[in-house]
Amino acid sequence: MKTLTLALAFVLLAFPAVSSAQTMFRFPASQLADQCGNGGCVVSAYKDYGGRDYACGGVRYSGHTGIDYALVGGFSKMDYGVWAMNAARGYVEASVDGYFDRCNYWDQANPYAACGLYTANYIIMRHPDNTQTKYWHLKAYTQQFARGTTLACGNWIARVGSSGASTGPHLHFEYWVPGYGTDDPYAGSCGTPYTRWTAQGAYRGLPGITCQ
């Protein structure tokens, strides 16, 4: 019994602590009919779990730490304008803007190049439970709020773009837990045992838009 108890303790330590006070998320982009609604956005990559995604599928790529929601229609859809939205209440903790936003490849040789790893436009939100959400590859000069601004859930915060290490217009959404690191908002048999979405939705579908 002692051995079983210790084994269970190690398993539980592998996941961040769960609390009813933790922040839950809505889908981080607009689902209006001309935005991500009606098939306007699709999941192009989930968080990578060593060769599989949270549902034991293959919609991931090696080392990917978040979820990518791609714009159907590519750059023409980006030019039309699709809004990223903050997935929960909190404040704008950090942001970068002004980088080139029409990348169609990742310049792995130079992380500071126009389409390099460190040249994305982004916003980081801090939430009441001290977790963060990250919104990456944003369109240049479309950010709507200054750092330090407190927001209710579901504001248009910037337009989706293709800045930084990006092969096409998409929103990279990432969930970060202090003391643990990057986590996955999706629950599944090959991922975490709980969801952080208010309505997770089907595999390859989009989460719901209800705020916590």
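Two strands pair if DSSP finds at least two bridges between them. The legends below apply this criterion to a predicted model.

**Figure 1. Strand S6 and its two antiparallel partners, S5 and S9.** In the predicted model, S6 is joined to S9 by 5 bridges, and tyrosine 135 has phenylalanine 173 of S9 as its bridge partner. Strand S5 (residues 122-126) also pairs with S6 over 5 bridges, with methionine 125 opposite threonine 133 of S6. Of the 5 residues of S6, 4 are buried, so the strand is largely enclosed by the rest of the structure.

**Figure 2. The hairpin formed by S5 and S6.** The two strands are separated by 5 residues. Within the turn, asparagine 130 adopts a positive phi of about 80 degrees.

**Figure 3. The largest pocket and its lining.** The pocket holds about 560 Å³ of space and is lined by 23 residues. Nearest its centre lie Tyr61, His64, His137, Ala165 and His172. At least two lining residues come from each of strand S1 (41-45), strand S2 (67-71), strand S6 (132-136) and strand S9 (170-177). The largest share, 3 residues, is supplied by S9. Sorted by class, the lining comprises 11 polar, 9 nonpolar and 3 charged residues.

**Figure 4. The aromatic pair of phenylalanine 25 and tryptophan 197.** This is one of 15 aromatic pairs found in a search of the whole structure. The ring centres of phenylalanine 25 and tryptophan 197 are 6.4 Å apart and the planes stand at 75 degrees; the pair is therefore edge-to-face, given that angles over 60 degrees receive that label. Phenylalanine 25 belongs to the loop between helix H1 (2-13) and S1, whereas tryptophan 197 belongs to the segment after strand S10 (181-183), 172 residues apart. Both phenylalanine 25 and tryptophan 197 are buried.

**Figure 5. The aromatic pair of tyrosine 46 and tyrosine 203.** With ring centres 5.5 Å apart and planes at 20 degrees, the pair is classed as stacked, the cut-off being under 30 degrees. Because tyrosine 46 lies in the loop between S1 and S2 and tyrosine 203 in the segment after S10, the pair ties together parts 157 residues apart in sequence. Tyrosine 46 has 0% relative accessibility and counts as buried, while tyrosine 203, at 34%, counts as partly exposed.

**Figure 6. The aromatic cluster and a charge over a ring.** Ring pairs connect Phe25, Tyr46, Tyr54, Tyr135, Phe173, Tyr175, Tyr186, Trp197 and Tyr203 into a cluster. In a separate contact type, the charged end of lysine 47 sits over the ring of tyrosine 49, at 4.6 Å from the ring centre.

Technical notes. Residues numbered from 1 in each chain as written. Predicted model: local features only at pLDDT ≥ 70, side-chain atom pairs only at ≥ 80, totals over all residues. Heavy atoms only, no water. 1 Å grid on protein atoms, 1.4 Å probe; cavity = no way out; pocket = protein on both sides within 12 Å on 5 of 7 lines; lining within 4 Å. Points joined across faces, edges and corners; volume = space filled by probe spheres on them. Nonpolar A, V, L, I, M, F, W, Y, C, P; charged D, E, K, R; others polar. Buried < 20%, exposed > 50% of the residue type's maximum accessible area, 1.4 Å probe, protein only. Phe/Tyr/Trp six-rings, centres within 6.5 Å; stacked < 30°, edge-to-face > 60°. Lys NZ or Arg CZ within 6 Å of the ring centre and 35° of its normal.
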